[in-house]
Every structure is written in C-alpha cells, then in structure tokens.
Amino acid sequence: MFPGASEVRLKPLWVQNRKFIGSKQNLLDFIAGVVAERAPEARSLADLFAGSAVVAYHFAARGFAVTASDHLYHNYVAARCFLGGRPGEVDWDRLAGMLAYLDRLPPIEGYCFTEYGGTYFTRENAGRIDAIREQIAAWRADGTIGEQEEAVLLTSLLYAADKVANTCGQYDAYLKHLGKDPYADDGTHLVDATVYKPLELCLPQVVESEQNRVYCADADVLVDAVEADVLYLDPPYNGRQYVDNYHVLENIARWQKPRLYGKTRKFRRDGLKSAYSRRATAGRHLTRLIQRARARHILLSYNNEGIIPDEVIWAALEQRGPVELFTTEYAIFGNGAGRAGRRPIVERLFYCRVVR
C-alpha cells in the first residue's frame with residue numbers, strides 16, 4: 001500500500017520550521033547560556049508553556065530529561081512528535097512511506113474546504129488538508145497507526161498547512177487578497193508568497209528518549225506533579241490569546257468539526273483561553289505557580305512588553321530565593337497590522353536559585 005523506503009524522498013522537518021509568535025528559537029543560546037552558567041549540574045528541565053517546543057527540544061537533544069506541556073492540543077501534538085517518542089516505537093521506513101502516500105492524495109471537498117477554502121487556504125490546499133486529515137483519523141480509528149505515529153503524521157500536516165496559510169504568521173484573521181501580489185507598493189502585506197504553493201508533507205526530525213514526558217495540560221495544575229532541576233516558564237506576556245492566534249491549527253488537530261462563527265471562522269473556545277493573557281489574573285496565577293514549583297532553579301522568560309508588572313515578578317521569585325536578571329535585545333516580526341518589518345524588544349530572563 002505504501003511506497004518502499006527507497007522510493008521516498010521527503011524533505012526534513014525541524015521543530016522550528018513553523019511560524020509561531022513568541023518562539024524562542026533565536027534566543028536558545030541566550031537561555032542555554034544562563035542554564036550552563038547558573039545550573040551546570042542540571043540534568044532535567046520542565047517546560048510547562050512549551051508553545052512551539054523549541055526550548056524543550058533544544059535541551060532534549062542535549063541529553064536532558066525533559067518534561068514538556070502545553071494546554072493547546074496542536075502544540076501538544078507537535079511536542080509529542082518531536083520529543084515524546086521512545087526508541088524503536090516508530091518504524092521510520094514505514095512512516096515515511098505513509099507520508100508519501102498521504103502527500104499524493106487528491107483533494108476532497110470536506111470540512112476544511114468548506115470552512116477555510118478561499119480564506120485561510122487556497123481551495124486546492126484546503127481540500128488536500130481534508131483528504132490527509134481524514135486518512136490519518138481513519139488509520140488511527142482502525143489501529144493502523146498508534147498514538148506516536150499519529151502525532152508524527154499530524155505534525156507533518158500541521159506544519160505543511162501553516163507554511164501555505166494565507167496569514168502573516170497567526171490566524172486571528174486571514175489576508176483578504178488571494179490572487180494578488182504578496183505586497184502592495186506601500187509595504188502592506190497582502191498575501192503570503194507561499195500561499196499558492198501546493199501543500200507538501202515533510203519528515204519530522206525527532207529526539208527519541210525513554211526519559212522525556214509530554215502532556216497536554218494546564219501549567220497551573222501540572223506544576224504540582226512535575227519535579228525537575230530546572231523549571232523554565234515562558235507564559236503568554238500580552239492580552240492576545242494563543243488559541244485566537246492559532247485556532248485554525250487547533251481545529252485541524254482536534255478534528256471535531258465544530259460550528260465556526262464570524263468572518264474569521266473561529267470556534268467556541270472559552271475553555272482554551274489562558275489566565276496569563278488577562279491583566280486581572282496573570283500576576284496572581286504566576287505568583288501561585290512559582291510558589292508551588294518543585295525545582296532547584298527557576299527561569300522565567302518575560303520581555304519588556306509584558307502585562308505583569310516587574311514588581312509582581314520580583315516579589316514572587318524572591319519568595320523562593322535570590323533572583324538575577326539577564327537581558328538581551330532582539331528583533332521580532334511586526335510593526336503593526338498588515339505591515340512587514342521588525343521592531344526591537346528586550347528579552348528578560350529572570351533566574352531564581354531556589355532555597356525555600
């Protein structure tokens with residue numbers, strides 16, 4: 001049924017090969033440097049707001065026992081794919097053949113075609129997402145694939161969909177100029193240059209280990225069950241909910257086909273919103289999380305545009321031990337809605353050596 005390994009020529013897919021607001025890919029050396037300097041004996045790390053999972057992956061690839069978690073299901077699936085597998089759990093020749101088979105499926109006019117075709121994706125790519133997602137679901141239902149194989153196949157689809165999405169890197173809204181050139185004369189971003197390319201599945205490059213654990217859970221709950229040398233915290237820092245930014249990928253991953261609403265085609269998602277993106281609750285939740293942390297070292301990433309006041313952060317960390325602040329300036333995408341460009345921000349890494 002599937003092509004043999006010698007017939008398959010898939011491009012590699014790395015954990016950082018997606019567009020993700022707040023990704024720490026360009027800050028890995030900065031974060032790893034603080035860990036090496038302040039916690040040289042550390043051999044385990046917990047990342048309870050894993051997001052794109054680049055931090056967890058970085059340390060897992062260097063032999064750390066990593067616990068990674070995110071409350072959004074599509075982020076959990078990707079983390080499970082890239083660092084949640086056990087050695088020998090996946091037959092990679094077989095799985096590469098399955099990806100090649102999926103990549104050749106013709107489009108169908110299903111849920112994605114109806115809901116996202118001509119908006120977030122071209123109709124052709126939306127129909128291909130339907131065909132691939134339905135086949136993955138069928139294989140899982142009949143036992144052809146297990147949970148880890150499903151995570152790998154689904155991650156390949158999610159990353160492929162993200163690459164051809166008609167967005168600026170997040171899905172709070174789609175760009176409304178399909179058929180036009182990518183940029184207007186004044187620099188306004190009209191259409192992602194890759195949106196017209198055919199969706200292409202690639203082969204995830206994973207870390208397999210007996211010691212890693214991956215969860216789809218609320219950090220406020222999981223913190224009581226996790227113990228590690230280093231607790232790395234990277235909570236949302238502003239009022240933009242991640243489920244709003246990535247509702248399309250979350251919907252494809254869950255594949256429950258809910259009713260969608262409004263021009264931006266969102267589903268009801270109140271239960272997936274984070275208290276860390278609300279000014280009224282963010283500081284209180286962070287303080288409680290730090291109080292309950294079971295780690296010898298706490299690292300908190302929180303840039304200078306965050307909604308939690310600095311005095312709240314310092315007070316929470318100083319309850320656990322002496323605190324230091326490390327900073328670096330870097331540029332992030334975005335000079336305003338629909339504008340291409342980068343603006344500088346200061347990334348702050350709060351470090352606490354836990355003594356109480």
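A salt bridge is counted here when a side-chain nitrogen of Lys or Arg lies within 4 Å of a carboxyl oxygen of Asp or Glu. The structure is a predicted model, in which local features need pLDDT of at least 70 and side-chain atom pairs count only at pLDDT 80 or more, while totals for chains, interfaces and linings use all residues. Residues are numbered from 1 along each chain as its sequence is written, and side-chain values use heavy atoms, with hydrogens and water left out.

**Salt bridges**

By this rule the count comes to 20 salt bridges.

| E210 | R86 | 3.8 Å |

The side chains of E210 and R86 meet in a salt bridge. Because E210 lies in the loop between β4 (203-204) and β5 (213-215), and R86 in the loop between α3 (73-83) and α4 (92-103), this pair ties together parts that are 124 residues apart in sequence. The helices (H or I, at least four residues) and strands (E, at least two) named here are DSSP runs, numbered from the N terminus.

To describe how open each residue is, the text uses relative accessible area, where buried means under 20%, exposed means over 50%, and partly exposed means in between, with a 1.4 Å probe and protein chains only. E210 has 52% relative accessibility and therefore counts as exposed, whereas R86, at 21%, counts as partly exposed.

D229 is buried because its relative accessible area is 15%, while R296, at 43% relative accessibility, counts as partly exposed.

R348 has 8% relative accessibility and so counts as buried, but D310, at 33%, counts as partly exposed.

Salt bridges can also join into a network, as they do for E37, R38 and E324.

**A buried histidine**

H58 lies in helix α2 (residues 54-60), and it counts as buried because its relative accessibility is 10%. Which residues is H58 in contact with, leaving aside its neighbours within four places in sequence? They are L28 and A32, where contact means heavy atoms within 4.5 Å.
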